[in-house]
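This report goes through some local features of one protein structure. Please keep the sequence and the 3D view at hand while reading.

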Amino acid sequence: MAAQESVEQGISFQDKAQTWDNAEHVKAVVDELNSKSPVHFLNLDGNTLGVDAAKAIGDALKRHPEFRKALWKNLFTRRLKSEIPLALKHLGAGLIAAGAKLTVLDLSDNALGPNGMQGLEEFLRSPVLYSLQELYLNNCGLGPEGGRMLSEALIDLHQNAKVAGSPLQLRIFVAGRNRLENVGAKAVAKALKTLQTLEEISMPQNSIYHVGISALAEGFKLNPHLRVLNMNDNTVTVKGSAKIAEVFEHTPLLREINFGDCLIKTDGAYLFAEALEAKHEQLEVLDLGFNEINYDGGLMIVTAMQNKPKLKSLNLDGNWFGQEGCSQITAQMQKCLNPNALQSLDEVVSEEEDDASAGEDDDDQQGDDNDTVEYADDDYDENEEDDDGEYDPNDTTEEVDEDDDEYANDNSAEETAYVTTNAFPPKLFNDTVSSNKGSNTFALANNGNTTAASTSCTPEEFCLSQTPCTMQQFNSLDENNKLQALQGIINQFTDDNHLLLLIFTTLKCAHLSKTSKPALELAISLYQATFDYAIKTKQETRVLDYYLKQLGLLRSEEHFKSDYDVKSCRYALREALSKQQFANDNIKNTFQLFLDKLDV
């Protein structure tokens with residue numbers, strides 16, 4: 001590749017600020033195209049091109065089958081909507097006639113929109129682009145309809161290239177600042193699923209909410225060679241974070257991840273930390289700035305970065321750490337292989353400071369009609385599918401409806417997908433449990449804090465109780481081996497219900513650990529069993545996070561008051577941590593970090 005770049009020749013009129021309306025105006029460009037050979041690239045960035053001038057350049061391009069790179073960004077300033085598609089058709093026709101094989105197409109910073117995309121319909125499906133490796137369409141105002149047109153063209157291009165025996169190998173796809181919204185994102189997701197060769201995807205500032213993010217995530221998963229993923233300044237939220245965390249499992253080669261200003265919040269940070277912790281040794285840049293993450297979430301992210309030898313930049317600025325939290329995060333970062341990767345924390349605030357300024361911000365936003373305030377309301381309803389109704393493309397109403405139907409079932413999946421605050425409820429099961437012990441469909445209770453009045457209980461009643469059990473009930477478990485009896489009940493359940501029973505049975509024993517040595521010993525054994533299962537099923541960060549919340553060591557965005565004696569539960573945990581064989585060093589160190597912070 002280096003050898004190819006060293007001999008690459010071309011023509012550049014970059015930043016000449018010329019206004020080219022006709023053939024006479026572009027005589028200098030045409031003369032160079034007619035006199036030079038080879039011409040591998042033509043850079044017209046920073047000029048403005050009219051229809052007749054584009055035709056003259058297109059005719060001159062017909063002489064250059066060796067042409068590789070069309071560097072045509074910022075080329076239609078002050079041009080009418082009717083001019084842009086015609087000019088693009090002339091340029092594309094010249095390359096088609098030449099039989100050129102493009103590797104790079106850059107049309108960024110041109111106000112294309114759906115109208116301009118019409119001028120690219122034939123060109124984007126032509127043999128000229130079978131060899132395309134890099135596509136740049138940043139800040140083109142495509143909108144949802146333009147996104148749909150682009151997606152269909154790329155899918156057709158992929159199929160045409162395959163039939164011709166020249167499979168498309170697109171590596172870089174840049175489409176930021178295009179107001180794609182959820183409809184456009186869903187359309188682009190279809191193209192991503194088809195391409196499967198991408199190494200860089202950059203789609204920042206597209207007004208995409210979690211529904212569109214979820215669709216895109218399915219496309220990201222099918223591009224396992226991804227090195228760069230940039231979704232900055234879209235409204236990902238916790239729901240979208242759960243889907244992106246799944247993507248990380250399929251993309252181990254990631255070097256740069258940018259989800260800054262995406263409203264992932266603290267629970268989203270937990271999800272990202274869990275997904276990135278074990279692998280991704282090639283990671284160099286992680287940007288999670290301005291996401292309303294509290295310092296607990298920041299600590300989890302920093303902990304996940306401790307085994308990333310190539311990390312160069314970790315941006316957590318603009319989050320809700322407070323000064324004390326910043327100090328703890330900075331201290332924790334010292335344990336990383338490259339502590340200097342942490343960027344400055346100049347704009348962090350505490351949650352209280354942010355709440356205090358929220359009213360002032362609202363007043364400011366209402367007073368400025370020119371500002372974009374789509375994300376000003378932090379409490380917007382995530383259950384709204386999208387803003388499809390806001391977009392009026394005149395001729396795409398049916399397309400919008402079809403896309404909505406295709407993803408109509410996404411909501412149910414999102415509601416049950418793992419999210420830190422929802423997948424594990426604050427309490428266990430309802431008092432009435434399905435007789436099918438292997439079932440994963442239990443009614444989850446959110447109330448009922450009364451303890452059973454009975455002074456005795458069976459192992460099954462102890463495990464399935466909605467509330468802590470009394471010492472009399474614990475002592476009434478007359479089996480010679482209480483641990484074996486309780487595990488016999490727990491093992492009748494599977495998946496999350498198995499895990500929940502392990503956690504809450506542990507807490508019931510730990511609840512009594514300060515007054516009963518047998519309860520303490522049982523709690524230690526169950527803490528160990530819980531994390532053995534978590535490690536085996538690769539859920540250690542998830543379970544760690546949940547225990548931290550139950551023990552009051554980590555603040556939860558879903559407020560609840562534990563029914564268990566958290567001091568007794570922490571006491572049993574400290575005893576478990578003292579055992580050499582307990583869990584692993586990562587789990588031990590994380591628990592110890594939060595317990596030490598409590599002691600201070």
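## Terms and basis

A residue is called buried if its relative accessible area is under 20%, exposed if over 50%, and partly exposed in between (1.4 Å probe, protein chains only). Glutamine 205, at 36% relative accessibility, is therefore partly exposed.

The model is predicted, so local features need pLDDT of at least 70 and side-chain atom pairs count only at pLDDT 80 or more, while totals for chains, interfaces and linings use all residues. Residues are numbered from 1 along each chain as its sequence is written, and side-chain values use heavy atoms, with hydrogens and water left out. Helices (H or I, at least four residues) and strands (E, at least two) are DSSP runs, numbered from the N terminus.

## Aromatic pairs

Two rings of Phe, Tyr or Trp (its six-membered ring) form a pair if their centres lie within 6.5 Å; planes under 30 degrees apart count as stacked, over 60 as edge-to-face and the rest as tilted. Searching the whole structure gives eleven aromatic pairs. One of them joins phenylalanine 248 and phenylalanine 272, edge-to-face, with 5.2 Å centre to centre and 85° between the planes. Because phenylalanine 248 lies in helix α9 (residues 237–250) and phenylalanine 272 in helix α10 (residues 265–277), this pair ties together parts that are 24 residues apart in sequence. Phenylalanine 248 is buried, its relative accessible area being 1%, and phenylalanine 272 is buried at 0%.

The pair of phenylalanine 504 and tyrosine 564 is tilted, because the ring centres are 6.2 Å apart and the planes stand at 45°. This pair links distant parts of the chain, 60 residues apart: phenylalanine 504 belongs to helix α20 (residues 495–510), and tyrosine 564 to the loop between α22 (540–550) and α23 (566–577). Phenylalanine 504 is buried at 1% relative accessible area, and tyrosine 564 is buried at 8%. Elsewhere, ring pairs join Tyr527, Phe531, Tyr547, Phe582 and Phe591 into a cluster.

## A charge over a ring

A charge sits over a ring if NZ of Lys or CZ of Arg is within 6 Å of the ring centre and within 35 degrees of the ring normal. Lysine 482 lies over the face of phenylalanine 474, 5.5 Å from the ring centre.

## Cysteines

How many disulfides are there? With a disulfide taken as a pair of cysteine sulfur atoms within 2.5 Å, the count is zero. For cysteine 469, the closest cysteine sulfur is in cysteine 457, and at 5.0 Å it is too far for a bond. Cysteine 469 is buried, with 5% relative accessible area.

## Backbone details in loops

The peptide bond from serine 37 to proline 38 is cis, with omega near 0°. Proline 38 lies in the loop between α2 (27–35) and β3 (41–43).

Glutamine 205 has a positive phi, near 50°, though it is not a glycine; its place is the loop between β9 (200–202) and α8 (210–221). Serine 207, also not a glycine, has a positive phi of about 55°. Serine 207 is found in the loop between β9 and α8 and is buried at 11%.

## Helix α4

Helix α4 (residues 83–98) has 16 residues and spans 23 Å from first C-alpha to last, close to the expected 22 Å. The expected span is 1.5 Å times one less than the number of residues. Buried residues of α4 include Ile84, Leu88, Leu91 and Leu95. An α-helix has 3.6 residues a turn, so residues three or four places apart point the same way.

The buried residues of α4 pack against β4 (48–49), α3 (51–61) and α5 (113–118), where contact means heavy atoms within 4.5 Å. Just after α4, glycine 99 has a positive phi of about 75°.
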